[in-house]
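I am opening my notebook to see what I can look up in one protein chain. Come along and check each entry against the picture.

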Amino acid sequence: MSVSTLPQAVIDAAARFGDALAIVDRERLTFAQLEQRVLHGAAALIEAGLTPGDRAAIWAPNSAEWIVACLSVQSAGGVVVTMNTRMKGLEAQYILNKTRARILLTVGDFLGQDYRTLLDGLDLPHLERVLTLDGDWNAFAATGRCLDRARAAMLAVGGDDPADILFTSGTTGHPKGVVSGHAQSVQAFTCWAHCAGLTEGDRYLIVNPFFHTFGYKAGWLACLLKGATAYPMATFDPARVVDLVEGEGITVLPGPPTIFQQLLTSSAKTGVTLSSIRVAVTGAASVAPSLVKRMQDELGIRNVLTAYGLTESSGMVTMSQMGDGVERIATSCGRPIPGVEVKCVNRLGESVAPGREGEIWVRGFNVMAGYFEDPEATAEAVDAQGWLHTGDIGCFDADGYLRVTDRMKDMYISGGFNCYPAEIERILSAHPAIAQVAVIGTPDERLGEIGKAFIVLRAGAEATAEEICQWCRANMANYKAPRAFELVEALPVNAAGKVQKFLLAAMAGNEGARHG
C-alpha cells in the first residue's frame with residue numbers, strides 16, 4: 001500500500017515484515033504484534049471519547065509503550081503532543097493548557113520521579129485523564145474491543161492531517177508548538193532512512209529522546225518505515241550501550257557528538273569497540289573532524305554521517321551521503337534532501353553566491369503547517385512564498401553542500417539541546433530576589449556550551465549564586481538551568497534600553513563567575 005500516514009505505516013509494516021522484530025525493550029514485539037497493540041490502544045482511546053483532532057500529550061522516557069501509545073493516539077485520529085522529560089511542573093502546565101490536551105500519558109517512576117506529582121495543585125482545566133505508560137496503559141489498551149472501528153479510523157487519517165505538536169522555545173520567552181502533518185513526516189524520514197542506508201533487519205539503538213524529532217522520527221518512525229528493529233534506551237549509559245551493541249549486534253547508532261565523546265572515553269578505559277555499528281549519524285552541534293576520525297578508528301564505526309534540520313522543517317533539511325570524506329562530513333551538513341529547496345540570502349532576501357554567508361531559508365514539503373494557534377508567529381517564520389526563515393547563518397560550497405556557520409541569535413546548544421535565553425530569563429525573573437537577568441551561552445568542554453546568567457538583585461534582597469543555581473534546577477529542565485552565575489550591579493544596555501549581550505560575552509571570563 002502507498003504510505004502517507006503513520007497509521008498506514010503500521011499496517012504496511014505488519015504486512016511486509018510480519019514476524020520480524022519491531023521493538024526490543026522489556027519484551028520483544030514483532031511488527032504483527034505491534035499492529036495488534038496499536039489497534040487495541042486506538043480502540044480503547046476511541047471508546048474513551050478521543051475524537052479526531054483531539055490532543056493527547058506524552059511525558060515519558062523512551063520505551064516500547066511510548067511508541068505504541070503514540071501510534072494509538074494517531075490511529076484514533078488524535079494529535080500527539082510530545083513533552084520533554086526534563087520539564088518541571090510549571091513548564092508542563094503551560095504546554096498542557098496551551099494545547100488543551102485531554103489526555104496525558106506519563107510515567108509513575110522515572111529516575112525516582114512520579115511525574116504526576118509535579119502537576120499537583122496546578123490548574124489544568126482541559127486535562128480529563130492521566131494514564132501511566134509503566135502502570136495503566138496496557139490494562140487500559142486491553143479494554144479496546146471494537147478493532148474494526150479502530151482499523152477504519154486508522155485508514156481515515158489523511159496525509160495532510162496533523163500528526164503531532166513538538167514544542168520549540170523561542171525569543172518570545174514562551175515555547176511554540178510546531179504542527180506537522182503525517183505525510184511530511186513520512187516523506188522526510190523515508191529520505192532520512194535512504195541517506196542513512198537503513199534497511200530491513202538493521203538493529204537501531206535509539207538513545208535520542210522520543211520527545212525530540214531525532215529520537216521519534218529519525219528513530220523509531222524510520223525503523224517502522226524500513227523494517228528495522230528499534231531498541232529504545234530511556235537514559236544514556238555508556239556501559240549499557242556497549243552491552244547492547246555486543247549482545248544484540250547493534251548496527252545503527254545516531255546521537256549528538258557528546259554521546260560519542262563519552263563512548264570514546266569508555267572505550268579508552270575498557271578497550272571495547274563498537275565494530276558491529278555500520279552507521280552513526282550525528283548533529284545538533286558542530287562536529288570536529290578529529291571526532292569523526294576517532295569514531296571510525298577507535299570505535300570501529302564504518303560510516304559517520306551528519307545532518308541539519310530544525311523542528312519547523314520536520315527535523316530534516318540536509319544530510320551527508322555515504323562515501324563523503326571525513327573533512328566534508330565534519331565541515332558540512334550535506335546536501336538538501338529531495339523535494340526541498342534551500343538558499344542562503346542577504347538582508348534583502350537575495351540569494352548569495354557559493355562561499356558567501358547568508359541566512360538559511362528553506363521551502364518544501366517539510367516546512368511545518370505552522371505554530372499551534374499562533375498565526376502571527378507563523379507569518380514571521382514562513383513568508384508568503386512558503387520560505388521558512390531559519391535564523392541560521394550558512395553558506396554553500398561549489399558542490400552544493402551546506403555549511404552552517406552560526407546559529408539563531410542568542411540561542412546556544414547545551415549537550416545537544418537548544419537553549420533559548422529569553423525563556424530561561426522569563427523563568428529566572430520569577431525568583432523573588434532577582435530584579436534583572438540576562439543569559440548567554442559560554443563554551444564548555446563536555447556539553448559544548450552552558451548557560452551563564454548575569455543577575456541584578458532587587459534592592460535589599462540577598463541571594464548567593466549557589467542558592468539561585470539550586471532554584472533553577474528545581475524550576476526548569478536541567479539542560480536549561482544555567483551552570484554559571486555572576487551577580488552584577490547593572491546590565492550593559494544601549495540607548496534604547498536593550499541589553500548588549502556582546503558585552504556580557506566579553507565579560508564572561510571575569511573572575512566573578514560562580515559555577516553551580
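**Entry 1: terms before looking.** I take helices (H or I, at least four residues) and strands (E, at least two) as DSSP runs, numbered from the N terminus. I note that this is a predicted model, in which local features need pLDDT of at least 70, side-chain atom pairs count only at pLDDT 80 or more, and totals for chains, interfaces and linings use all residues. Residues are numbered from 1 along each chain as its sequence is written, and side-chain values use heavy atoms, with hydrogens and water left out.

**Entry 2: the whole chain.** I looked up the elements and found 16 helices and 25 strands in the chain. The radius of gyration is 23 Å, close to the 24 Å from the globule rule for 516 residues, so the chain is as compact as a globular protein of that length. For my own reference, this radius is taken over C-alpha atoms, and the rule is 2.2 Å times the number of residues to the power 0.38. The C-alpha trace spans about 65 × 55 × 55 Å along its principal axes.

I then looked up burial, where buried means under 20% relative accessible area, exposed over 50%, and partly exposed in between (1.4 Å probe, protein chains only). Of the 516 residues in the chain, 55% are buried. Next came contacts, meaning heavy atoms within 4.5 Å. Among contacts between residues at least 6 apart in sequence, 71% join residues at least 24 apart.

**Entry 3: cavities.** I needed some rules here. On a 1 Å grid over the protein atoms alone, a cavity is a set of points where a 1.4 Å probe fits but cannot get out; a pocket is an open set with protein on both sides within 12 Å along at least five of seven lines; lining residues have an atom within 4 Å of a point. Grid points are joined across faces, edges and corners, and a volume is the space filled by probe spheres set on the points.

How many cavities of 30 Å³ or more does the structure hold? I found 3. The largest cavity has about 60 Å³ of space. Its lining includes A22, F31, I67 and W220. Strand 1 (21–24), helix 2 (31–47), helix 3 (64–75) and helix 8 (213–226) are the elements that give two or more residues to this lining.

I sorted residues by class: Ala, Val, Leu, Ile, Met, Phe, Trp, Tyr, Cys and Pro count as nonpolar, Asp, Glu, Lys and Arg as charged, and the others, Gly among them, as polar. The lining of the largest cavity has 11 nonpolar, no polar and no charged residues.

**Entry 4: helix 8.** Which element gives the most to the lining of the largest cavity? I found that helix 8 does, with 3 residues.

Entry 5: I found 40 lining residues, with T85, R86, F236, F417 and N478 nearest the centre. By class the lining has 23 nonpolar, 12 polar and 5 charged residues. Helix 10 (residues 257–270) supplies the largest share, 3 residues.

**Entry 6: two positive phi values outside glycine.** L111 has a positive phi of about 55 degrees although it is not a glycine. I placed L111 in the loop between strand 5 (103–106) and strand 6 (129–132). Is L111 buried or exposed? L111 is exposed, at 68% relative accessible area.

S314 also goes on my list, with a positive phi near 60 degrees in a residue other than glycine. S314 lies in the loop between strand 12 (303–308) and strand 13 (318–319). At 1% relative accessibility, S314 counts as buried.

**Entry 7: S180.** I found S180 in strand 8 (residues 176–181). S180 is buried, with a relative accessible area of 3%. G415 lies in the loop between strand 20 (412–414) and strand 21 (417–419). G415 is buried, at 15% relative accessible area. Leaving aside neighbours within four places in sequence, G415 is in contact with T258 and L447.

I placed A508 in the loop between helix 16 (501–507) and strand 25 (514–515). A508 is partly exposed, with a relative accessible area of 22%. Beyond neighbours within four places in sequence, A508 is in contact with I440, T442, K452 and F454.
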